[in-house]
Each structure stands twice: as C-alpha cells, then as structure tokens.
Amino acid sequence: MNSSVGSMNSSRVDAAPSVLLTGTSSDAHTWNLVHLQLVLEEIGHTVANLGPCVPDELVVESCLGLRPALVVVSSVNGHGFNDGLRLIRVLRARPELAGTTVVIGGKLVTDGLRNVGMVRRLTAAGYDRVFDDGELPAFRTFAARTPDRAVS
Amino acid sequence: MTPASFGGFVSRAHARGALVVQPRMGFGDPRQMREGLRRTRDAGAVTVGTLTLDSYTRVNDLAAARRAVRDGVPLNGYPICTHPAEVSRAMLDGVHEAAFPVQVRHGSARPEHIVSALLDLGLDATEGGPVSYCLPYGRTRLSDAVAAWRTACALLAEARTDTREPHLESFGGCMLGQLCPPSMLVALSVLEGLFFARHGLRSVSLSYAQQTSPEQDLEAMAALRALAGEFLPGIDTHLVVYAYMGVFPATRGGALRLLEEAARLAVASGAARLIVKTAAEAHRIPTIADNVEALRTAARAAEATTPRAAGAAAGSEVYEEAAVLVRTVLGLHDDVGEALLLAFRRGLLDIPYCLHPDNAGRTRSFIDTDGRLRWADTGLLPLPRTALTAARRVTSDELLTALTRVRRIYDQGGIR
Ligand code: B12
C-alpha cells in the first residue's frame, strides 16, 4: 500500500515516519484513514499509511522496520474490539515494541455503545489510549504532544 | 424467466408498477438472521431478502469467523461459510421461496468460497464485481480479483437449470460510497454488467448510489439505462438504486428523509429495486426493527411518486462522460477483464481518494456550487482536462466538510 494517501498529497514520507497509521485485518474502510492521515500531517507528523485490511504480521513488520514513535489503529466496521485486541497482543509480544505508543479508536463494536469493559480490556492488553468515535479533538492534542514531530 | 429467479421476481414487480425494496441486513446468529428475513418478507411492502455477510468471511479469514462464532463475538454479518450448511438451510427453510428471493451481499474481491457456499444452500443471487468489490474493499490485487470473479461468474452460470436463473448485481454504482463523480459510477456498472454477461450470466442488475444532487442523480440513471440498452442487449437487466452510501445523517428525521428522497429517485428514474439504509446507519449495525421501519418508509415514499417520462439521456453531462469512459475501456482489449486491468494501469479509470495500490490516484472530485459532484482533476481520464485543485492540498477540514455535506443538509431539515 502506498506510504502516502495515493497521490493526494505529497506526504513527506520517504524518511522514517513519526506515525504508523493502520486499519485492522478485517476492516475495508478507508475514509477514516484518509482523514486521520491529513489530521496527523497538519500537526507536523510524517505518516506511513498502511491502508485497509492489514494483516497483523504486516503491522508488526512495518513497526519493526520503520520504528514509528506512535502507532494509530483505526477501525469502524464493528470488529475493531476483537481485531484490535488480537493485534495489540501480537505487537506487545515483540520486546522491541514493548515501549512504542499504540492507540486505537473508531467504531469498535457493532452496537454503537461505548463500553467501559471494552476500553479496560483494550488498555489492559497494551493500548496506551482508546479513543471514542467523536474524540478527534482529544486525539489532536494527544498526537501533538507525541515526540518526533517535525516542527512546521 | 423462471418463477424462482431473483431477476424474474423483480421484473414482474416492476411491470406491475411496484418498487422492490430490500434491506442491507446481516447478523451472526442464525435465529436472528431467520427472524430478520421473515420480518423483511412480512414488512408490508414488495420486498426481497438479504444476507449481508460479515467482514471475516469477506476477507476469507474463516479461522477468525470460526473463533468469533465459538466465542460469541458479535459479527457485522452472517458467516455463511462458517455455520454448518444444515444450520443455514434450516435458517432459510420456508422463508426463501419463489415469492421471496434472497440475495447474498458481501464485498469479497475473491468470492469463490462464498459463491460455492450460497449455491450449496440453494441460493443463486448475489452482488459484486471484479472492480467494485476490489478497489473499495482492501488490498487484493486487481488482477487477482478479475481472475477470481471470472471463476465466480462461471460457477454461477453453471448453476443455471430450467428452474433456476442465477442473478448478479454490479456494485459499480457505489465505489467508496461518496465523492466519486456519477459518470464513473455509471461506466463501472455497465462495464461490470458486461463482464458478467461475457462470463455467462443472463440476468444482471446495474446499480447507482444516490449522490449529492437529485437532478444529477436522475441524469445518471437515464445514462445508465441508455448505456445498458446499448451494451447489454438480450440480457435480463434491471436498475437498482442505493440509498446514499456516504456519511449518513445522524438524526432519525434526517436519515429517513434522505431515504425517502432515494425512493423518489428510484421511482422517478424507472429503477426496479431500491436498497435502503436505516435511521441507525450513522451509529451502529441496524436492528431488525430499524430495517423494517426503513422498508416501510421507502415503500410509502415510492407509492407517492410517479415515474417520469423517460427523457433523452444522450447529450447530458453524465451520459457523455460515461459513454466515453465505457467506449475507451472496451477499445483496449476484447476481453472486458483485461480491458479493465489496462484501463486502471493507465489511469483511464481512476477513483478519487481510493488508496488501493492498483488505482492511479491522480483524479480528484469536488461538490460544485450547484450541488453536483464533478471532477476537480481528471488526471489521465479520457475526458476534457480540468485541474481546478491539483496544485493545492485538500485540508482535513475541507475533506470532512465535503464528506458530511449530505448529512448536514438532511440533519438541518432539507431537502423537503
Ligand atoms: C462509506 C461506508 C462504507 C464504504 C467504505 C468505502 C471505503 N473504502 O472506505 C463501503 C460501502 C465499501 C462500506 C462497506 C462496509 N461497511 Co461501511 N460504512 C460507510 C459509512 C456510510 C460512512 C463511513 C465514512 O466514510 N465516514 C467518514 C470518515 C471520515 O469518518 P469515520 O469513518 O467515522 O472515521 C472517523 C471516526 O470514526 C474517527 N476514528 C476512526 N478511527 C479512529 C482512530 C482513532 C485513534 C481516533 C482518535 C479516531 C478515529 O475519526 C475518523 C476520521 O474522522 C458508514 C456509516 C456512516 N458513518 O454513515 C458505514 C459503516 C461504518 N459501515 C459499516 C459496515 C458494517 C460495513 C460492512 C462490514 C458491510 C456491512 N455489514 O454493513 C462493509 C465493510 C467490509 C469490511 N471488510 O470491513 C457499519 C459499521 C457498524 C459498526 N461499527 O457498528 C457502518 C457504521 C454502517 C452501519 N450502520 O451498519 N462502508
């Protein structure tokens, strides 16, 4: 998958990106990824966007290869809780990635409810933050504090 | 046409002047799925049933589907390859019949496992296409999708008997759901319909998803009808409208008004079938009750609308662009699948904002001041060059404003 959003923008990504953005293994949606990439770039990040339907192994390999300061997992198809839980276990099992900041957000379940148990299980499994569908402002603030951001 | 066939059922309803309304509905649990089909059948409208499949089945991760069923993880659709065939047969038993055809809707670029499973259950109507189920649905290479859809079409066509006429609907009228100019949607629907016909299907439907301008939508439907007539003679073909496929209004009123507008578009433009969206669209997987409400709302709006006299399509902006796209692609190769591959490789077909590696990504679209969806940058498309915004990056806020335009209008009480 392209490291920038098609040719939509000339993302300055041939150097090491500061953020790795990825969909989950079963999720085909991409407008979320296109929009989140722009949001991150506007606050000075360089973004590698892995696109939709990313197998867990490809996320791991990309993290090991690119060593991003922040990994953003986005899912809206309703399987995000299940897929996200599996993914973080695989990522945290690699000692090299134990300290990488990893967050997840979107529409993570099929019933539209923000479920406290779900958030607790995701953070217990290793996510640093779980963002709700509407929490873009909080995400912007969070991502702006993450180190390795190009000062623009 | 045989009595049991999906295409035949829809054509007969259309001939009687009734719009067939259909949900997008799928649940992981067979009992709930059966109940959903039953209540679709009994909704008090002319309906056909739907099995919308879950995302694990779509990407052929059947191990994940199995684990989810075993652990009771809620799925976003029906796992047709995972529940034992006798469970699925019991789910359909006495519900799926000649008077209530059922279609399988999925979103799989490589659908052979799904087509085999549905045929095995006695079903024979499904949806998709080598482009429309590939570019918007993940990272499968387009060449693999073309090969897989050739096989899938052959499997369906081979299932034809004296009493069974398999049906395939192109999803070409959707392409990422939003911000794809109508001429591209119309062209892809026609090209996929032709692909199906060349691979043995005799009953197809061509789709178009409601966009940002009611006038432009009518124009697009007229173009679709005209091009279907030119390129698919002798094939049983009907047109299907999708209620808006982009970011949906968040309010119940807004969502239902947008659905009513889609029903009016379907009737006015002479479509035979409408796929509805529900008031839950913006928030979660719709319940059975959400779907029944949507089917009734759409059917009522349809009954209150009269078809327009079919205007001439030729000469309209949408028709002219779509005709050039279709003819250019068909001129590339005698085999439609090869022609599609060449067209995407050369950027002669190119979907705005599509991340797929086999999409050139040189085109951009915008919503014009008159509400029409137009090309901001035609990239390498065989259309008159425009490059309104090529020099400038779209900001995240501008993108979101375009994506949420329809939601805003209807949430605020428009268009009626
Ligand atoms: C367009 C669309 C599609 C297109 C997608 C094309 C594409 N390639 O992107 C098509 C038609 C192909 C499609 C297919 C499907 N879809 Co869809 N789709 C939508 C729709 C209508 C709009 C989504 C959109 O474009 N949003 C615009 C972007 C900018 O916003 P967003 O997606 O909400 O993302 C923002 C936030 O969620 C948040 N966010 C997301 N991730 C993260 C991560 C972090 C860290 C943070 C901070 C924030 C954040 O910020 C994002 C960017 O602004 C929504 C319903 C709606 N919203 O109206 C359904 C919807 C998302 N789809 C849904 C489903 C289930 C599917 C399918 C599985 C089919 C089905 N069973 O119905 C398939 C997917 C197949 C698969 N393998 O996954 C469901 C999900 C249900 C749920 N979560 O409970 C929805 C909600 C519709 C519904 N009510 O059923 N879909």
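Helices (DSSP H or I, at least four residues) and strands (DSSP E, at least two) are DSSP runs numbered from the N terminus. This is a predicted model, in which local features need pLDDT of at least 70, side-chain atom pairs count only at pLDDT 80 or more, and totals for chains, interfaces and linings use all residues. Residues are numbered from 1 along each chain as its sequence is written, chains are lettered from A and ligands numbered from 1 in the order in which they are written, and side-chain values use heavy atoms, with hydrogens and water left out.

Select chain A. Its pattern along the sequence is β-α-β-α-β-α-β-α-β-α, with five helices and five strands.

Next, select the ligand, which lies between chains A and B.

Display the polar contacts (pairs of N or O atoms within 3.5 Å):

- A:Thr30: a polar backbone atom is 2.7 Å from an oxygen atom of the ligand.
- B:Gln178: a polar side-chain atom is 2.6 Å from an oxygen atom of the ligand.
- B:Arg284: a polar backbone atom is 2.6 Å from a nitrogen atom of the ligand.

Finally, colour the shell by element.

Terms used. A residue is near a molecule or strand if one of its heavy atoms lies within 4 Å of it. A polar contact is a pair of N or O atoms within 3.5 Å; within protein, one must be able to donate a hydrogen and the other to accept it, and residues adjacent in sequence count only if both atoms are side-chain atoms.
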